[in-house]
Amino acid sequence: MSGHHLIDEDTTFIVQGITGREAVNLTRECLDYGSRITGGVTPGRRGREVHGVPVFDSVAQLVAEVGEVPDGSVVTVPPAFTRDAVFEAIEAGVRLIVIVTERIPRKDVAQMVELATLRDARIIGPNCLGIIRPGVAKMGGIGGPARDAEKAYKPGSIGVMSRSGGMTTEISSTLSAAAISIGGDAIIGSTYAELMPLFEADEQTEGIVIYSEPGGRMEAELAHWVTENESRLPIVAFMAGRFMDEMPGMSFGHAGTIVEGRADTAAEKITRLEAAGITVAEEISAIPDLMRDRIGTVPA
């Protein structure tokens with residue numbers, strides 16, 4: 001897979017759990033968008049096809065028959081089987097794993113992330129919509145059907161990272177009005193800070209937008225990374241759920257968003273982000289103008 005892009009026009013990937021109803025739709029959407037899906041896996045379904053994509057019983061069998069290890073896999077199997085599916089893909093040499101499945105037991109997620117780290121693979125998710133490189137390819141349900149994805153995501157110079165799938169699309173379509181957007185939804189496998197170097201190394205990226213929620217340490221880690229690495233990219237963050245600060249211990253949407261301590265509250269995060277030179281938007285509609293201002297002040 002080429003250098004610093006997660007996906008490009010040559011990226012090949014497979015779909016694990018391809019015969020499931022949602023997976024069949026997802027496969028159609030990705031193919032329509034121009035993505036290269038070389039095979040699918042559902043145990044016991046070898047010999048079938050899904051929208052022309054051949055189905056195999058295992059990743060190892062797929063690799064043997066297709067004759068090459070795919071760059072990535074979209075994993076959409078039930079939560080009880082996700083860990084085995086991901087292990088199988090990583091052991092077969094797949095380097096980019098996008099996990100769509102939600103409600104995977106936490107210890108399974110921890111083990112998957114650990115194996116990925118050992119094998120130099122990257123996990124996006126779980127419980128995510130995936131990655132889109134506008135006009136090139138998408139992995140996962142991000143942006144929906146190809147026609148909708150084309151409307152919401154325009155090629156441009158801003159990267160978007162979001163903890164919420166729906167908000168990735170909403171923010172990106174706001175931005176495409178400002179002629180920008182590359183989207184990715186990272187929840188546990190890859191954090192903002194871990195994905196930053198990819199954007200940092202991409203000459204075409206001029207700025208980053210992140211969608212954030214209370215809970216978790218991801219923003220603290222990002223603020224630290226930006227400061228340590230003297231990031232060249234202006235970052236605009238939108239912080240959801242400010243109203244929650246009065247209610248510690250309350251969960252917000254995702255299971256990953258339980259506010260554990262004072263450092264996890266929206267107010268603390270905003271302070272920390274601003275200290276690292278990251279602009280925090282009051283509302284989503286303000287993001288394009290804030291980004292324009294920031295890019296205007298960046299030394300060329």
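Mentor: A nonpolar core is a set of buried Ala, Val, Leu, Ile, Met, Phe, Trp, Tyr and Cys residues joined through side-chain atoms within 4.5 Å. The model discussed here is predicted.

Trainee: Which residues of the largest nonpolar core touch the most other members?

Mentor: In soluble globular proteins, nonpolar side chains tend to be buried together. The largest nonpolar core here has 45 residues. Those that touch the most other members are Ile 124, Met 161, Met 196, Ile 208, Leu 222 and Ile 278.

Trainee: How many residues are in the second, separate core?

Mentor: This second core includes Ala 89, Ile 90, Ile 99 and Ile 104. Its size is 16 residues.

Trainee: How many residues of strand E1 are buried?

Mentor: In a regular strand the side chains alternate between the two faces of the sheet. On one side of E1, Thr 12, Ile 14 and Gln 16 are buried, and on the other Phe 13 and Val 15 are buried. E1 is therefore largely enclosed by the rest of the structure, and its count of buried residues is five of the five.

Trainee: What is the handedness of the crossover from E1 to E2?

Mentor: E1 and E2 (residues 36–41) run parallel and are joined by five bridges. Among the bridge partners are Phe 13 and, in E2, Ile 37. The chain passes from E1 to E2 through helix H1 (residues 21–33), and this β-α-β crossover is right-handed.

Trainee: Which backbone nitrogen does the side chain of Thr 11 reach?

Mentor: Thr 11 lies in the segment before E1 (12–16). Its relative accessibility is 4%, so Thr 11 counts as buried. At 2.8 Å, the side chain of Thr 11 reaches the backbone nitrogen of Asp 8.

Trainee: How many disulfides does the structure hold?

Mentor: Cys 30 is buried at a relative accessible area of 0%, and Cys 128 is buried at 4%. A disulfide needs a pair of cysteine sulfur atoms within 2.5 Å. The number of disulfides in the structure is zero.

Note on methods: Residues numbered from 1 in each chain as written. Predicted model: local features only at pLDDT ≥ 70, side-chain atom pairs only at ≥ 80, totals over all residues. Heavy atoms only, no water. Buried < 20%, exposed > 50% of the residue type's maximum accessible area, 1.4 Å probe, protein only. Helix = DSSP H or I, 4+ residues; strand = E, 2+ residues; numbered from the N terminus. Polar contact = N/O pair within 3.5 Å; in protein donor to acceptor, adjacent residues only side chain to side chain. Pairing = 2+ DSSP bridges. Right-handed = clockwise from strand over helix to strand, strands pointing away.
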